[in-house]
Structures are given as structure tokens and as C-alpha cells.
Amino acid sequence: MSATIYDNPDHELLRDQVARFLEREVEPHAAAWEETGMVPREVLRRMGQAGLLGIAFESDYGGADADAMTNLVFAEALSQSTFAGFIITVLVHTDMAGPHLHHAGTPAQKAKYLPKVTAGELITAVGISEPGAGSDVAGMRTTARRDGDEWVINGTKMFITNGVHGDLYFVAAKTGAARHDMSMFIVEKGTPGFTVGRALKKTGWLSSDTAELVFDNVRIPAGNLLGEEGKGFYSVMKNFQTERIALGAMAIGHCTQALKITLDHVRQRQAFGATLWDQQTIRQRLSMLDAKVRAARQFMYHCAWSVTQGHDIVQEVSMLKALTGELVNEVVQTCQQFHGGMGFIRETAIERLWRDARVLAIGGGATEVMLEEVAKRY
């Protein structure tokens with residue numbers, strides 16, 4: 001990865017640490033995880049022991065108090081893995097679910113859960129999407145009503161990463177009649193009435209577990225309200241900024257790896273008496289794709305820097321999510337094409353990157369939704 005103007009020595013140390021972890025703990029073993037449909041929990045605990053599962057969380061609870069820039073460095077370094085199921089398992093925990101507790105949790109809630117979250121002893125998931133409400137968060141139908149000293153949750157969540165094997169769930173539910181009147185709740189695995197409806201089989205991200213979650217009169221203590229009652233929609237929107245930068249990093253990581261693999265391939269692959277690299281059209285297409293990736297990467301780092309400065313960058317982050325979600329599909333499909341038939345064979349890295357990249361234009365805010373978020377802020 002080329003340097004950026006935002007880099008410092010600590011960032012390089014973090015990149016090296018993550019790269020060593022991937023080389024030792026992930027790349028040699030993750031093909032087997034694709035078959036079992038989950039990342040072994042001992043691997044995640046080793047990440048926690050290495051201090052990699054909560055670098056943006058408070059040091060009082062095992063984190064490293066890192067800023068958004070350092071968190072992006074981690075996400076991009078993690079995304080150099082060619083196994084996106086592993087990447088998303090971690091990023092949901094660190095950037096999509098865990099931050100709800102980090103930002104909105106009470107001291108008692110953080111003291112109870114956050115040390116185990118950063119240690120990888122409790123793996124987290126966030127329950128927002130539903131069968132009829134994905135990118136349209138306000139359209140959710142799951143409800144929570146107060147009953148004395150408890151909340152009672154009813155509804156269904158869909159497409160929940162870490163949903164099958166997670167331990168701690170941060171769940172959004174409507175708590176009033178207004179469209180944006182919703183709240184966030186902490187629900188532990190094993191709570192009566194809370195079940196995994198089914199494990200979902202996906203085209204890609206095969207080593208991540210994804211579930212439908214069912215809440216049937218699930219009673220939780222009143223103290224499990226996460227943040228202010230009725231303000232959950234705004235908490236979700238706030239955390240989308242962290243989530244979408246992380247997904248941008250994932251897309252850029254896929255692009256980087258696909259280009260690297262393909263450059264090595266076309267320099268060796270012989271066809272019609274020369275290498276593929278000797279074909280002008282291939283050289284030029286790869287060069288242009290690399291230019292686009294480098295430009296998008298610099299924009300991504302600028303977005304993370306803007307977060308550290310406290311700027312309102314909903315428009316820019318929406319642009320980033322739309323841009324990188326589309327770009328990664330352009331890059332990996334072109335790279336797969338240049339691999340010929342081998343690019344369509346399971347267990348090759350380029351085939352895996354191709355199928356894993358598709359969801360990055362859908363999950364975390366579909367491209368069309370992101371572009372509407374951009375347009376309405378002009």
C-alpha cells in the first residue's frame with residue numbers, strides 16, 4: 001500500500017501487526033472456514049489478545065482510544081485478506097456493532113460488556129435490517145414496549161452478520177408511532193423468546209455467519225436500553241459513518257489484492273506467443289483501474305481525517321460508499337476476466353474476491369440510496 005499524507009509511524013506498525021496476524025492466523029486456514037460457515041472463536045479471541053478488537057474504544061475497557069484515522073488504517077490492513085467472510089466478521093464487531101455500546105452505553109453497561117468485547121470473549125452483532133426494511137431504516141416494524149421494569153421486544157431481523165454465533169446483540173426497535181421514533185437495546189444470546197430463525201446461505205462471505213433473528217415477547221431489563229429512548233434512529237445514522245468508511249476500506253482492500261494478483265498473473269500467462277501483459281489493452285485497462293483505486297483511497301483517507309476534525313461529512317461518506325461499492329465490482333470483474341477460465345474456479349483467490357465483492361454495492365446502504373443521500377444535500 002502506498003503512503004498517504006495522513007500516515008505516521010504508528011500506522012505503519014499497526015499495518016505490519018495486522019499483516020503478520022493475517023499471514024499466520026488467517027490465510028493458511030480460512031478456506032476451511034468457508035466450508036464451516038464461520039470464523040473460529042479462538043481466532044477472534046487471539047485477535048482480542050493482540051489488542052485488535054477495539055482500538056477505537058476507551059482504554060479503561062481494554063481499547064486503545066484510537067481516532068478515526070487509525071481505525072481506518074486497521075480496517076484497510078485487515079481488508080488485505082482475500083477472505084471477506086473473515087473481514088466482515090471482524091468489522092461488524094469492531095465498526096458496526098461494538099461502536100453502539102462505545103458511543104451510547106452507560107458506565108455500568110460498558111463496565112459489564114466492553115472489556116469482554118475488546119477481548120473477543122463476547123462477539124457482537126447489530127440488528128437493524130428487516131425482511132421489509134434494509135436501507136430504509138425508518139421502515140422497520142420490530143417494536144419494543146415498556147412493561148414495568150422491562151422492555152418487551154417483538155419482530156424479526158434479517159441479514160444479520162454474526163447473527164448465528166454472536167453473543168451480544170444491539171437491536172433497533174420502534175418505541176413510538178412517529179417514523180423515526182425508535183430505540184436501541186442490548187439483548188444477550190439465550191434470552192427467552194430470542195432465537196435464530198434460520199442461518200442464511202449466501203453467494204459470498206462464506207466464512208461469516210448470517211442469520212434471521214426472531215424476537216417473540218423477548219423481555220429484557222429496563223437497564224438494557226442503549227442510549228436515549230426514542231433517539232435510536234439518530235444513533236444508527238451516526239454510526240453509519242463509521243460503518244461506511246469501514247466498508248469503503250474493505251472495497252479498497254479487495255481492489256488492491258485483485259490488482260496485485262492479476263498483475264502477477266498477466267505477466268506470466270502466455271497467449272499467442274507473448275504474455276498477456278504484452279497486450280496493450282490489458283496494460284492500459286489495469287493502469288486505469290489502479291488510477292481509480294488510488295484516487296478513491298485518497299478520498300477515503302480524507303473522509304476519515306474529516307471525522308477526526310469533527311466535520312459533518314454525511315454527503316462525502318455517502319459518496320465514498322457509492323463510489324467504492326461500484327468500483328470494487330468493476331475492478332474484480334475485470335481482473336477475473338483476465339484470469340480466463342481459472343477466474344471461474346472455486347478456491348482461487350480471484351474467484352473468491354469476485355463473489356465477495358458483489359455485496360459491497362448493496363450492504364450498508366445500497367448505491368442508489370447512497371446517491372440519494374448525496375443528492376439531497378446539494
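Asp 65 lies in the loop between helix H3 (41-49) and helix H4 (68-78), helices (H or I, at least four residues) and strands (E, at least two) being DSSP runs numbered from the N terminus. The phi angle of Asp 65 is near 55 degrees, a positive value in a residue other than glycine. At 47% relative accessibility, Asp 65 counts as partly exposed, where buried denotes under 20% relative accessible area, exposed over 50%, and partly exposed the range in between, for a 1.4 Å probe and protein chains only. The structure is a predicted model, for which local features need pLDDT of at least 70 and side-chain atom pairs count only at pLDDT 80 or more, while totals for chains, interfaces and linings use all residues. Residues are numbered from 1 along each chain as its sequence is written, and side-chain values use heavy atoms, with hydrogens and water left out.

Eleven helices and ten strands are assigned to the protein chain. The radius of gyration of the protein chain is 21 Å, which agrees with the value near 21 Å that a compact globule of 378 residues would have; this radius is taken over C-alpha atoms, and the globule rule is 2.2 Å times the number of residues to the power 0.38. Along the principal axes, the C-alpha atoms of the protein chain fill a box of roughly 80 × 45 × 40 Å. Of the 378 residues, 55% count as buried. Among the contacts in the protein chain with a separation of 6 or more, 75% are accounted for by residues 24 or more positions apart, a contact being defined by heavy atoms within 4.5 Å.

Strand E2 (residues 143-147) is joined to strand E3 (residues 150-161) by five bridges in an antiparallel arrangement, with Thr 143 standing opposite Asn 154 in E3. Two residues lie between the strands in the hairpin of E2 and E3, where Gly 148 takes a positive phi near 65 degrees. Strand E3 is also joined, by nine bridges, to strand E7 (residues 210-221), and this pair again runs antiparallel; here Thr 156 stands opposite Val 214 in E7.

Two residues of these strands illustrate their surroundings. Thr 161, placed in strand E3, counts as buried at 12% relative accessibility. Residues up to four places away in sequence not being counted, Thr 161 touches Ile 88, Val 92, Ala 125, Trp 205, Ser 208, Asp 209 and Thr 210. Leu 213, found in strand E7, counts as buried at 0% relative accessibility. Beyond its neighbours within four places in sequence, Leu 213 is in contact with residues including Thr 156, Ile 160, Tyr 169, Phe 194 and Val 196. The C-alpha atom of Leu 213 is separated by 35 Å from that of Thr 308, which is 95 residues apart along the chain.

In the loop between E3 and E4, Asn 162 has a positive phi of about 70 degrees although it is not a glycine, and at 0% relative accessibility Asn 162 counts as buried. Strand E4 (residues 168-174) is mostly covered, seven of its seven residues being buried. In a regular strand the side chains alternate between the two faces of the sheet. In E4 both faces are covered, with Leu 168, Phe 170, Ala 172 and Lys 174 buried on one side and Tyr 169, Val 171 and Ala 173 buried on the other. Four bridges join E4 to strand E1 (residues 124-127) in a parallel arrangement, in which Thr 124 stands opposite Leu 168. Seven bridges join E4 to strand E5 (residues 182-188) in an antiparallel arrangement, and the bridge partner of Tyr 169 in E5 is Val 187.

Among the helices, H10 (residues 349-357) is largely enclosed by the rest of the structure, because seven of its nine residues are buried. The buried residues of H10 are Ile 350, Glu 351, Arg 352, Leu 353, Arg 355, Asp 356 and Ala 357. These buried residues pack against helix H2 (30-36), helix H5 (84-104), helix H7 (232-268) and helix H9 (314-337).

Note on methods
Pairing = 2+ DSSP bridges.
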